[in-house]
Amino acid sequence: MSPRDYIRLLLSFVVLGSCLAQEPNSEGKAPSADKVSDYLLQPSDLLRVQVFQEEDLTREVRISQEFTITLPLIGTVDLKGKTLRQAEDLVTSLYNKDFLVNPQVTLVVTQYAKRTVDVQGQVGNPGAIEFPQEKGLSLLQAITRAGGFTRLADKKRLMLTRRLPDGSAKTFTINATEIIDGTTQDSWELQKDDSIFVPERIL
């Protein structure tokens, strides 16, 4: 195992242990190291950047709204569309290109940007629900966090509004009863900024 792999593994366990202590996921387990590495970086994520045996290059940097960070020697680095693993490889290649010989770079997310989904209508506590993107959140999990369905909720006509990559919005009508009964395999995994509306039953 190379020094870089050893440091990556060690820091991953430290971060995963912290995540588990603060907020376990629905199954009581922290996300795997592979899932953390495949996490798609977002603005406001806080990164710790370490270069093995180059302590003066260690930095904690927050990703800007333009998806960039600034590091010693290499300057501004564009991380748009990059996973944590891809960002680590990119920073390694930039240091290796002109400044260091075979650098061992490790990137760790020390603080995830706050993300929410909005749940309104016939639920116990409507409002913004924190969306832990590094763990995922399903439609029913979000409703449970919002206090669950009220007795007047129409579970067969939930409306999920989602912003598409081109900037337009699309609304899906979802039968939550089928999810609860297990007659559909689609759990409707949410994306940040999704909006859910639970209508009232027509009596």
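Strands E8 and E9 pair in the antiparallel sense over six bridges; two strands count as paired if DSSP finds at least two bridges between them. This is a predicted model, in which local features need pLDDT of at least 70 and side-chain atom pairs count only at pLDDT 80 or more, whereas totals for chains, interfaces and linings use all residues. Residues are numbered from 1 along each chain as its sequence is written, and side-chain values use heavy atoms, with hydrogens and water left out. The chain contains five helices and ten strands; helices (H or I, at least four residues) and strands (E, at least two) are DSSP runs, numbered from the N terminus.

**The chain as a whole**

- Of the 203 residues of the chain, 39% are classed as buried; buried means under 20% relative accessible area, exposed means over 50%, and partly exposed lies in between (1.4 Å probe, protein chains only).
- The chain has an accessible surface of about 11500 Å², and carbon and sulfur atoms contribute 50% of it; these areas come from the Shrake-Rupley method with a 1.4 Å probe, and for residues only the protein chains shown count as cover.
- Taking contacts between residues at least 6 apart in sequence, 53% join residues at least 24 apart; a contact means heavy atoms within 4.5 Å.

- E8 and E9 form a hairpin with five residues between them, and Gly167 in the turn has a positive phi of about 95°.
- Across this pairing, Arg162 stands opposite Lys170 in E9.
- E8 is also joined to E10 by three bridges, and these two strands run antiparallel; here Leu160 stands opposite Ile196 in E10.
- In a regular strand the side chains alternate between the two faces of the sheet.

**Salt bridges**

- The whole structure holds four salt bridges, each defined as a side-chain nitrogen of Lys or Arg within 4 Å of a carboxyl oxygen of Asp or Glu.
- One of them joins the side chains of Asp194 and Arg162 at 2.7 Å, N to O.
- This pair links distant parts of the chain, with Asp194 in the loop between H5 and E10 and Arg162 in strand E8 (residues 158–163), 32 residues apart; both Asp194 and Arg162 are buried.
- Another salt bridge is formed by Asp45 and Arg115 (3.2 Å, N to O).
- Asp45 lies in the loop between H2 and E1 and Arg115 in the loop between E5 and E6, so that this pair links distant parts of the chain, 70 residues apart; Asp45 and Arg115 are both buried.
- Arg157 forms a salt bridge with Asp154, and their closest N and O atoms are 2.7 Å apart.
- Arg157 counts as partly exposed because its relative accessibility is 36%, whereas Asp154, with a relative accessible area of 12%, is buried.

**Aromatic pairs**

- There are two aromatic pairs in the structure; rings of Phe, Tyr and Trp (its six-membered ring) pair if their centres lie within 6.5 Å, and planes under 30 degrees apart count as stacked, over 60 as edge-to-face and the rest as tilted.
- The rings of Tyr39 and Tyr112 are edge-to-face, because their planes stand at 90°, with the centres 4.8 Å apart.
- Tyr39 lies in the loop between helix H2 (33–37) and strand E1 (46–51) and Tyr112 in the loop between strand E5 (105–111) and strand E6 (116–121), so the pair ties together parts that are 73 residues apart in sequence.
- Tyr39 is buried at 5% relative accessibility, and Tyr112 is buried at 17%.
- The rings of Phe172 and Trp188 have their planes at 55° and their centres 5.2 Å apart, so this pair is tilted.
- Phe172 belongs to strand E9 (residues 169–174) and Trp188 to the loop between helix H5 (176–181) and strand E10 (195–198), and the pair links distant parts of the chain, 16 residues apart.

**Two threonines**

- Thr116 is located in strand E6 and counts as partly exposed at 25% relative accessibility.
- The C-alpha atoms of Thr116 and Asp194 are separated by 7.9 Å, although the two residues are 78 residues apart along the chain.
- Not counting residues up to four places away in sequence, Thr116 touches several residues, including Phe131, Lys192 and Asp194.
- Thr58 lies in the loop between E1 and strand E2 (59–62) and is buried, with a relative accessible area of 15%.
- Beyond its neighbours within four places in sequence, Thr58 is in contact with Arg48, Val49, Gln50 and Val51.
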